[in-house]
Amino acid sequence: MTGELSPIDTAKYVAARRAADMVEDGMRVGLGTGSTAAWLVRRLGERVRDEGLRIKGVPTSTRTAQLACEVGIEVVSLDQAGWLDLTIDGADEFDGDLNLIKGGGGAHLQEKIVATASDQMVVIADAGKEVETLGAFPLPVEVIPFGWQTTRTLIEEALDTMDVLGTSAALRMNGEAPFVTDEGNHILDLHLQRIGNARQLALVLNQVPGVVENGLFIDICDKVVVGYGDGRVELRDINAGTIELDQLADGAGENLFSDLAD
Ligand SMILES: O=C(CO)[C@H](O)[C@H](O)COP(=O)(O)O
């Protein structure tokens, strides 16, 4: 039963559930990828079913598309939607300027396109994702399969000139085979430990031939809904700072999850 969620999953759940309240009737909504975004999609499905909420959802991966269909959300492509009112997505790290590392789930290419085509991007995250300086989480870079080893060498050479602590780029694997993204590409995970100038790094990486997109989201995110293991939720707003949001329940425990199906 969901009442037995770990503190991290509780934090993800309450953040996602609170962010789902930001979605209004008639909106075109970008739907992120990952375990936190999956809570969001399930909650929006409940609102569609129980409240008659009418939205068009633009998924950022085949996984999310499948889940959104399963829970009854009308799914359209980004080109059909044109422009989005809101995108809600998870993140692997966020800093005080609400810059992000994304792509732990390998979907950052579609996620960045969808978020950029939105009036607003709201990130949902457990509090452990907040960092002073980005870079402890390996930075995903999507590369085309052709000549990927040459691309990796060029990336490592470029990293030598950057303000980072590490320069190794590891091919992401899926068992014995390279991981393949929804676009048929591979992912290199850059172990940088600390990124001194994320804006500059994002630009430099995307100039390397073979790189499709990096997982740094600079000046894209407007708000982060931060969940805690005890059920508390805070909002980090790029304009308004930190705002304490209503706790979703009296505390952690069974009743926090009583609205969820098994
Ligand atoms: O960027 C992502 C997928 O590409 C995810 O949002 C990120 O990896 C966070 O995942 P989770 O919510 O499972 O912690």
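View 1. Glu-111 is buried, with a relative accessible area of 3% (buried means under 20%, exposed over 50% and partly exposed in between, with a 1.4 Å probe and protein chains only). Its place is in helix α5, residues 108-116, where helices (H or I, at least four residues) and strands (E, at least two) are DSSP runs numbered from the N terminus. UniProt, in an unreviewed entry, places the feature "active site" at Glu-111; such positions follow the numbering used here, feature names are shortened, and annotations may be inferred rather than shown by experiment.

**View 2. Contacts of Glu-111.** Leaving aside residues up to four places away in sequence, Glu-111 touches Thr-33, Thr-60, Asp-89, Lys-102, Gly-103 and Phe-217, a contact being heavy atoms within 4.5 Å. The side chains of Glu-111 and Lys-102 are also joined by a polar contact of 3.0 Å (a pair of N or O atoms within 3.5 Å; within protein, one must be able to donate a hydrogen and the other to accept it, and residues adjacent in sequence count only if both atoms are side-chain atoms).

**View 3. The two faces of helix α3.** Within α3 (residues 62-70), Thr-64, Leu-67 and Ala-68 are buried. Because they cover an arc of only 100 degrees around the axis, they lie on the same side of α3, the arc being that of the directions from the helix axis to the C-beta atoms. The face turned away from this buried side carries the exposed residues Thr-62, Gln-66 and Glu-70.

**Notes.** Residues are numbered from 1 along each chain as its sequence is written. In this predicted model local features need pLDDT of at least 70 and side-chain atom pairs count only at pLDDT 80 or more, while totals for chains, interfaces and linings use all residues, and side-chain values use heavy atoms, with hydrogens and water left out.
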